[in-house]
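Let me put the sequence and the structure up, and then I'll walk you through a couple of spots.

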Amino acid sequence: MNFERLYINGEWVSPQSTERIKVENPASMYRFAAVPVATDTEVDAACRAAADAAWRWQESPLAARLTICEKMLAQLLTRKAEIVDIEIQELGAPSQMAETVHFDFQVERMRTFMRLAQEIEFREELEHSTLYREPVGVVAAITPWNYPLGQVVQKIMPAILMGNTVVLKPSQHTPLSVYYLVDAFHQAGLPKGVLNLVTGRGGDVGNVLASHPLVDMVSFTGSTTGGIEVGKHGLDSVKKIHLELGGKSPCVILPGADIDQAIRACFNSLLLNCGQTCSALSRLLILEDQKEAIEARLVEILQEYPVGDPRAEGTKIGPLASEKQFTKVKKYIETGLAEGARMLTGSVPTEPIGGYYVQPVIFTDVTNDMQIAQEEIFGPVLCVITYKDLPDALHIANDTIYGLNAAVHGPFDEAVAFARRIKSGNVYINDSARDVTAPFGGYKMSGIGREGGIEGILEFTQSKVLFDHDA
């Protein structure tokens with residue numbers, strides 16, 4: 001795959017600028033690829049191509065869009081080995097996770113979007129009118145680095161299926177796997193201008209996209225501060241804004257819970273992408289009386305999550321994605337110690353040698369007013385917080401600016417009753433599985449809107465009512 005190109009108006013084109021962004025393998029610190037820095041002129045060309053294609057694509061029948069998506073998926077599946085390998089290289093994802101989570105699960109998502117799109121009612125008779133659901137128009141999709149393929153799939157699949165056209169700006173840190181997805185659409189015969197790819201730095205290309213007069217909707221996933229900035233640019237011209245942002249999610253262990261099951265669920269959420277997941281369960285809330293017993297099990301079960309080379313058999317946790325992430329996580333670990341938290345396991349990382357590896361850190365004796373308990377660390381750092389009773393646990397769980405994800409472990413009815421009172425868009429009960437048909441998104445400063453499921457598809461539509469009935 002030639003990564004030193006942009007995709008504009010149905011063609012792979014050479015960039016105007018000679019400036020490149022190098023892509024680093026975080027497991028080796030070797031820069032193995034580079035992508036272009038799109039100029040404002042090229043971003044403008046991509047937006048104009050999307051705007052020119054918008055009406056024709058909107059008028060195409062859903063069946064035609066589905067056919068192209070099916071062809072795209074068939075093309076993508078032939079490149080699975082290459083995409084998995086790229087995910088390992090650009091993100092540092094362990095081999096098994098790169099295959100099952102970063103590829104196979106995204107294929108399941110795509111198939112689900114195609115199935116659910118057929119359930120959308122594009123025309124609905126009301127009492128004295130007819131409601132139509134139409135595409136928003138040109139969508140600027142701005143995606144982060146932590147799930148390079150998955151975050152893109154969540155946006156461009158429902159957008160395209162609903163008849164929108166897209167200008168995609170992937171993360172500058174992990175942009176490579178997206179090239180395979182765009183090329184698969186190209187090979188499938190997607191009409192010119194429906195999907196465009198421009199690479200570059202978020203603060204440059206992303207802000208130009210969010211401000212562009214031909215863009216009708218901005219769909220952004222990333223940090224809360226980044227989302228606020230992008231949102232302000234988009235609202236200057238009152239675009240539709242869709243934001244999926246940060247989290248500081250609680251995992252609550254109620255009396256009577258299966259403690260080992262709860263700990264493994266918490267670790268799976270927090271550690272398997274090296275903590276680099278917006279919905280990671282990074283605060284573990286436990287009853288004061290169970291503190292000593294649960295701490296012992298935390299230390300024992302953590303041994304099931306070895307850190308190492310992403311390609312080595314048995315590795316569960318790879319490196320952090322970049323030097324910037326390494327420095328950020330290191331600083332938070334130092335902050336936790338300075339705040340008085342006790343390090344149950346782990347250590348302050350030294351300077352990286354041969355990769356951005358950090359051993360998981362479990363802080364105990366944490367209070368919820370500490371910086372490490374309130375701010376999104378985005379690394380393998382767990383804060384263990386004790387509660388006195390259930391009202392205290394609920395207060396701690398909700399005492400955050402975020403509301404993206406949560407988990408409650410305990411007797412089923414009690415866990416459900418507790419979960420209903422948590423201010424969060426998603427809550428897992430005991431060992432429940434993720435539902436790919438469910439919407440994902442948060443309360444409070446965790447975002448605006450939803451991704452996934454029917455609700456996530458409808459985000460990329462707008463309503464029009466014709467008052468066409470006699471009174």
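**A hairpin and a helix pair**

Arg-20 belongs to strand 3, residues 20-25, and its partner strand 4 covers residues 30-36. Before I go on, please keep in mind that this is a predicted model.

How do strand 3 and strand 4 run, and how many bridges join them? They're antiparallel, with six bridges between them. Together they make a hairpin with four residues between the strands, and in that hairpin Met-29 has a positive phi, near 65°.

Helix 4 is residues 95-117, helix 5 is residues 150-161, and their axes come within 10 Å of each other. They cross at roughly 20°. Anything under 35 degrees counts as roughly parallel, so that's what we call helix 4 and helix 5. The crossing is right-handed, by the way.

Which residues actually meet there? On the helix 4 side you've got Gln-106, Arg-109, Met-110, Phe-113, Met-114 and Ala-117. Facing them from helix 5 are Gly-150, Val-153, Gln-154, Met-157, Pro-158 and Leu-161. Sort that contact by class and you get eight nonpolar residues, three polar and one charged.

That's my tour, so over to you.

Definitions and conventions
Residues are numbered from 1 along each chain as its sequence is written. This is a predicted model: local features need pLDDT of at least 70, side-chain atom pairs count only at pLDDT 80 or more; totals for chains, interfaces and linings use all residues. Side-chain values use heavy atoms; hydrogens and water are left out. Two strands pair if DSSP finds at least two bridges between them. Helices (H or I, at least four residues) and strands (E, at least two) are DSSP runs, numbered from the N terminus. Axes are lines fitted to C-alpha atoms, for helices over the stretch in contact, and angles run from 0 to 180 degrees between N-to-C directions. Angles under 35 degrees count as roughly parallel, over 145 as roughly antiparallel, 65 to 115 as roughly perpendicular and the rest as oblique. A crossing is left-handed if the near helix is turned anticlockwise from the far one by less than a right angle, and right-handed if clockwise. Contact means heavy atoms within 4.5 Å. Ala, Val, Leu, Ile, Met, Phe, Trp, Tyr, Cys and Pro count as nonpolar, Asp, Glu, Lys and Arg as charged, and the others, Gly among them, as polar.
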